[in-house]
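Here are a few notes to read alongside the model. Keep the picture open and go point by point.

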Amino acid sequence: MTMNAAIWDDYLDKLIEPWQEKTLPFVSTHYIDQLRKDALSQVKSLRLPTSRDETWRFTDISALRDTLFQRASIAALPDFDYQNNTFLDDPAHRLVFVDGQYTPELSSQITDDAIAVCNLSDLTAACIPQTEQHLGQLASFQNDVFVALNTALMHDGVCIVISENASVTLPIHILYVTSGKEVATYPRCLFVAKTGSKATIIEEYISLQQGATLTNTVTEIYTENSAHVNHIRLQRENSQAFHIANNTVFIEKAAHYAVVSLAFGAYISRFDQKLILAEGAECEIDGLALLADKQLADTHTFIDHTKPHGRSRQLHKCIVDDSARGVFSGDIMVRLHAQQTDARQLNHNLLLSEKARMDTKPQLEIFADDVKCAHGATVGQLDKDSLFYLQSRGFAEAEARNLLTYAFGGEIIDRINVPSLKKRLEEYILTKTRVG
């Protein structure tokens, strides 16, 4: 049975109900109204995936049905430790969303003329054309119930446009905060880097207290000709949270897109990422999942080389401890006319306990004949020879294990180009990987 099967899902009906009881604080335009209406109609023809669906084979989200997530409302933020744990020490443009709603009192005023920012709940006349040109054009909801839910229920979000040939030196930090429990949020982000522009975007998700929550987020990124975009994505929600995310990117001619995605939190997280490369486009996709207890993190990527001379590099790593489970599915498509494509994909996984589990599925689909493509995957434990070597140099066994585990994940952290965030993540991994 496919996900297109028209089986009405009663749970979806109940999930949508709270969002229809109130007037949404969402600006009304004909385009957006129609987009949301179409998506809602599509939700009713879909159902939640199960492990019988091939792309969800290793990820059982049936526990999601144990909670009827209500619509989040902004509460007081007594535990919001923005000084030490959430805001960057580096200067940055900052946009904060609390329980799905833009929160100007926690955000910084962006005065850079190279950046145009508008909130989807408060679109200005200047932003409406950009939004109508791009919103909902990349992330398809036809066969994806979570993208359809996000599109139907998105009530706030952000549209960011970098001007042509502009170089934005400060990173743009978009912080999504969930303050309550048993609530759902549907964040939406549209990012457009105009021709020749350069920018760094940080997308971060946190929760302030323990308890089941649902974050269903969609990000669409357009990287126009010769533009350069660095994207850092950090998910560190509480250990009972559900986090379902979609990141769809179009990389135009001679443009460059690099992303580092980090999955540290949530009880169950799923990250679908699709990248479409035009002629001469380049991408670097790096990821790290650090899992313990009974966490599950599922990462699916699809890199689509559609034109000649494209280049892609992917390195995804998982460190899995206790009874946690990691899933990686990476697909590289080289289409018929994408000659002289250069694509490499690696997935390395480290299991720290006997009950830890990893499922990995790297794939290549090549329809051109003049290409250089390679992929590979490994699943293993700490190298005994390396452990012995460190112990022979005076390290205790626990110290040697810590050092090797940190080094395994540190390769991904080294690719983060924001110093204060990199330092914070190094400290986090050192703490989480400490044994003995």
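1. How much of the chain over residues 177-408 is helix, and how much is strand? Over that stretch the chain is 9% helix and 59% strand, and its end C-alpha atoms sit 29 Å apart. Helices (H or I, at least four residues) and strands (E, at least two) are DSSP runs, numbered from the N terminus. UniProt lists these residues, in an unreviewed entry, as "domain: SUF system FeS cluster assembly SufBD core"; UniProt positions follow the numbering used here, feature names are shortened, and annotations may be inferred rather than shown by experiment.

2. A word on ground rules. This is a predicted model, where local features need pLDDT of at least 70, side-chain atom pairs count only at pLDDT 80 or more, and totals for chains, interfaces and linings use all residues. Residues are numbered from 1 along each chain as its sequence is written, and side-chain values use heavy atoms, with hydrogens and water left out.

3. Now the domains. The assignment for the protein chain gives domain 1 (10-278) and domain 2 (383-435), with bounds that come from an automatic or database domain assignment. Their C-alpha centres lie 31 Å apart. In the contact (heavy atoms within 4.5 Å), domain 1 puts in 16 residues and domain 2 puts in 13 residues.

4. What about the interface itself? About 1200 Å² is buried between domain 1 and domain 2, and carbon and sulfur atoms give 69% of that. Buried area is the accessible area (1.4 Å probe) that two parts lose on being put together, summed over both. On the side of domain 1 that touches domain 2, α3 (82-86), β9 (198-207), β11 (228-236) and β13 (256-263) each supply at least two residues. The largest share, four residues, comes from β11.

5. Finally, find F367, in the loop between β20 (357-366) and β21 (372-380). Leaving aside neighbours within four places in sequence, F367 is in contact with M333, V334, R335 and L336. F367 and T341 are 26 residues apart in sequence and 11 Å apart in space, C-alpha to C-alpha.
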